[in-house]
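Try each task before reading its solution.

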Amino acid sequence: MVKRKILKLLKINWQQKNNIYFDKEYPIPEDIYFKAGGCKQYQRSKSPLESSFYDMKVYKKFLKDIFNKYKPKLILDLGCGDGRFTLEILNNFSNTFVVAVDSNFEDLNFIEKCLTKEQKERILLICSSAEKTIFLEEIFDFIVLSEVAYVLKNPIKIYKKIFGYLKPNGLAFISNVAKQSYFLHALINNDWEQVKNILLNSKYTDKIRGVKNLQVEVHLYTLPKLVEEVKNVGFEIVKHNIIYGEHALILHKLRKEKMLDDSKIDLVQLAFDNPVGIERIYTILARKKI
Ligand SMILES: C[S@@+](CC[C@H](N)C(=O)[O-])C[C@H]1O[C@@H](n2cnc3c(N)ncnc32)[C@H](O)[C@@H]1O
């Protein structure tokens, strides 16, 4: 059984709760994401009044292209949240095994509840900090690091880690958020402190799911900066993409003005289909060079 094999390989003193594994040495981390009750990106991607709904269309296509072309078998979804990528992979690509890691126990619990009996055999759910979890070198074919590095103190450290975890020629899907869209977001909010922080430091204090006092200072990117960081750890860039953010900004503004209802879906879709060019998320497909 793949699961047992991997657990053995990882040589960690495992404890299990609700089919979720965590290292006995480290208690389940109770970070701000834990306190905010999870990232809920997957759950939000079901509603056309959420930006994640539109982003997911792009991600579905990315995954289809990657799996059709490279056919990865052993996948790590690091900072998997409530499973936007993990569930998409398990639902659509057979003969795959996903190691899904997040520091948030609630998100992993949600994933576990979505799984079929067959899928439970193809997943290992691990509750741990991405910065602490120790995986053996060169075991994964494909690693997903979607909108995770930007929330960590040291994103470069995590790129180096995933580089080590990948087999030679293995692929990583890395995405981070763009300065442009966050700048406009701060302007819409009349949040001049944030505007200043973006201009001076390329940083933004993100309220996790709008919850007061649950804040994390995130790194904001330009595409050249992200490409350079990823290249500097030894990756070769296979391709990069920009997801534009007009749909997300319109949703944010409508929500703020309490004008968001189903009648606006057509407008949001129109903005997604015809972006004026406000960059929101950068995605990179990178290969571990041999
Ligand atoms: C913006 S969400 C992205 C979730 C998912 N990758 C997606 O694209 O839907 C960021 C996720 O990173 C997780 N996270 C933050 N810091 C982490 C850490 N140090 N170790 C593991 N996961 C972490 C959070 O719990 C959250 O689920």
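Helices (H or I, at least four residues) and strands (E, at least two) are DSSP runs, numbered from the N terminus. Residues are numbered from 1 along each chain as its sequence is written. This is a predicted model, where local features need pLDDT of at least 70, side-chain atom pairs count only at pLDDT 80 or more, and totals for chains, interfaces and linings use all residues.

**Exercise 1.** Locate aspartate 82 and decide whether it is buried or exposed.

*Solution.* Start with the chain: aspartate 82 sits in the loop between strand S3 (74-78) and H5. Next, count neighbours. A residue is buried if 20 or more other C-beta atoms, placed from the backbone, lie within 10 Å of its own, exposed if 12 or fewer, and partly exposed in between. Aspartate 82 has 23 such atoms, so it is buried.

**Exercise 2.** Describe how helices H4 and H5 cross.

*Solution.* The axes of H4 (residues 51-70) and H5 (residues 84-92) come within 11 Å and cross at roughly 45 degrees. That makes H4 oblique to H5, since angles under 35 degrees count as roughly parallel, over 145 as roughly antiparallel, 65 to 115 as roughly perpendicular and the rest as oblique.

**Exercise 3.** How much of helix H10 is buried?

*Solution.* Apply the burial count to the ten residues of H10 (residues 192-201): one is buried, so the helix lies largely in the open. Then step past its end, where serine 202 has a positive phi, near 55 degrees.

Notes. Axes are lines fitted to C-alpha atoms, for helices over the stretch in contact, and angles run from 0 to 180 degrees between N-to-C directions.
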